[in-house]
Amino acid sequence: MKKRIGSLLLCLLMLVTILSGCGVGKGSSDDEAVIADTQCPNTLDLAQSWDSWFTSRWGITETLYKLDNNLNPQPWLAVSCENKDPNTWVITLRDNVKFQNGKSLTAEAVRRCWLRTEKINPRFSELMEIKDMEANGRTLTIHTEKPVPAMKNQLSDPLTGVVDISSGRNLATHPVGTGPYIAQEYEPNVQATVKRYDGYWRGRPYFKKVTIDILPDTNTMVLAQQNGEIDLSMYVPSSNLSLFQDKKKYIIDKAAGSRAEILYFNFMTTALQEPAIRRALSMCIDKKNYAKIINKDGSAPAEALYPESVYYGKVHGYPFQMRAAARELDRAGIVDRDGDGIRECRGKPVSLRLITYNTRPELPNFANEIAASAKKLGLKIGVEVYDDVSKQESEGDFDLLLMSFTMTPTGDPQYFADMVFRTGGSSNFGKYSSHKVDALVEELDTEFSPERRKELTTQIQREVLADAAFVVIGHSNFICVRKADIQGFFINPSEYYVLDGNIRRGR
């Protein structure tokens, strides 16, 4: 009898395993869905770090303006944003928007939310330059410290999203936004769940519940998508797309975004204060082969800094020239004097630490290739790969930092120039500083003429490249894979939007 029961249990276990492998269960319910990613926020508080990107993607929070597929800002929670004078903007909100607790969206609610975000996150001030605000019903008047010509673009940044800070809920775990989905549970690096908000201002969303699985790597994510456990996978490597060519089962969504693989130099590192070393490293990176071979055409090689697809991207940077790179070092007197294969700078061997992370699978591969090329030049680079490098970024604990960074998610060049190129910028992790660049960025920040903005952005790129201050290796495509029955999803180059009220199941 015991043997019979044991055999029966074994058969049942095998049946469950087979059914799970066929995708029955998780991700297959008609009114539930599963989304997978390898990245996640530390909290659901949009004011913290870059956490607002995730609350936006997960349908929890929304902004006053939203970017279309050409990265042009369009009214969203607001119906208009008028520039009354160079330092004054008047925003009129929609009258039918309610927070997820039933409270109406008012100008005062926006004002209070933004004041809190401004205190917590320095990026907010970089974006908005707010001096003071006046709230009157659905009208919010903003007075800025200086002209902000890209105001509508800035209002599309998820950091300017709105939550009800008077809700009494813990904003780190249960923020009350205006989006189609309400935050339910969140365990960082594991899973988040959101439920449908029936009172959503654009109509009742389709899915009753959506689970966001945070997976350890893209290989796990790809396998789960193949097994039918996932309805939509984000940031699928191009090298895996051959697995999803069956159009009856999968839909591949691509957008040529502005996400860059960017190499930072730490200007506090003695060796990297030598322009010749920065120029040599800039010239030892074969950007075309990195994009085509290492990244399997998942990115486009960068000519300079900004993507060539944007109107301000036509500037040429350093070409791949190993011999010229070696000559740069020789002319600067950075040579191998003791014959150990490593050049010396100021009497010490050039030995550098390159820091990167593994949630973007191309980055460790790029880092190892950079180290191999640098070795041929007589420069020693040790590669360190982490799950997360936020600590190293904030503490400047690196010589070289390779990361993936969106350069123009709001469609405007000012975004990246303020945060990265400007002295003291919130993402200027390598402490680069140039009086010329700062002056040009300052002018860009207040210039309304599109033609002059183009000229200024071109000049900024030329100055940054002359200093060999950064290396942009390539610009990645934003790639998602979904089941063929997931409809209503439209990929956006900004990467700000994934789960909205339109996404549904159907053929």
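Which side chain meets that of Arg57 in a salt bridge? In this predicted model, in which local features need pLDDT of at least 70, side-chain atom pairs count only at pLDDT 80 or more, and totals for chains, interfaces and linings use all residues, the partner of Arg57 is Glu495, at 3.7 Å from N to O. Residues are numbered from 1 along each chain as its sequence is written, and side-chain values use heavy atoms, with hydrogens and water left out.

A salt bridge is defined as a side-chain nitrogen of Lys or Arg within 4 Å of a carboxyl oxygen of Asp or Glu; by this rule the count comes to 29. The bridge between Arg57 and Glu495 links distant parts of the chain, 438 residues apart: Arg57 belongs to helix H2 (residues 51–57), and Glu495 to the loop between strand E20 (486–487) and strand E21 (504–505). Helices (H or I, at least four residues) and strands (E, at least two) are DSSP runs, numbered from the N terminus. Glu495 also meets Arg259 in a salt bridge (2.7 Å, N to O). Because Arg259 lies in strand E12 (residues 250–265) and Glu495 in the loop between E20 and E21, this pair ties together parts that are 236 residues apart in sequence. Arg57 and Glu495 are buried, as is Arg259; buried denotes under 20% relative accessible area, exposed over 50%, and partly exposed the range in between (1.4 Å probe, protein chains only).

A further salt bridge joins the side chains of Glu126 and Arg422 (2.8 Å, N to O). Glu126 is in helix H4 (residues 122–128), whereas Arg422 is in the loop between helix H12 (414–421) and helix H13 (435–446), 296 residues apart. Glu126 is buried, with a relative accessible area of 10%, while Arg422 is partly exposed at 22%.

A nonpolar core is a set of buried Ala, Val, Leu, Ile, Met, Phe, Trp, Tyr and Cys residues joined through side-chain atoms within 4.5 Å. The largest one has 143 residues, and Ile91 and Trp114 are among those with the most contacts inside it. Helix H10 (residues 362–377) supplies the largest share of this core, seven residues. Apart from it lies another core of 13 residues, including Val34 and Met221.

The mean pLDDT (the predictor's confidence in each residue, from 0 to 100) is 92, and 94% of residues reach 70 or more. Over residues 1–25, pLDDT stays under 50. Where pLDDT is low, the predicted coordinates should not be read in detail.

Methods
Contact = heavy atoms within 4.5 Å.
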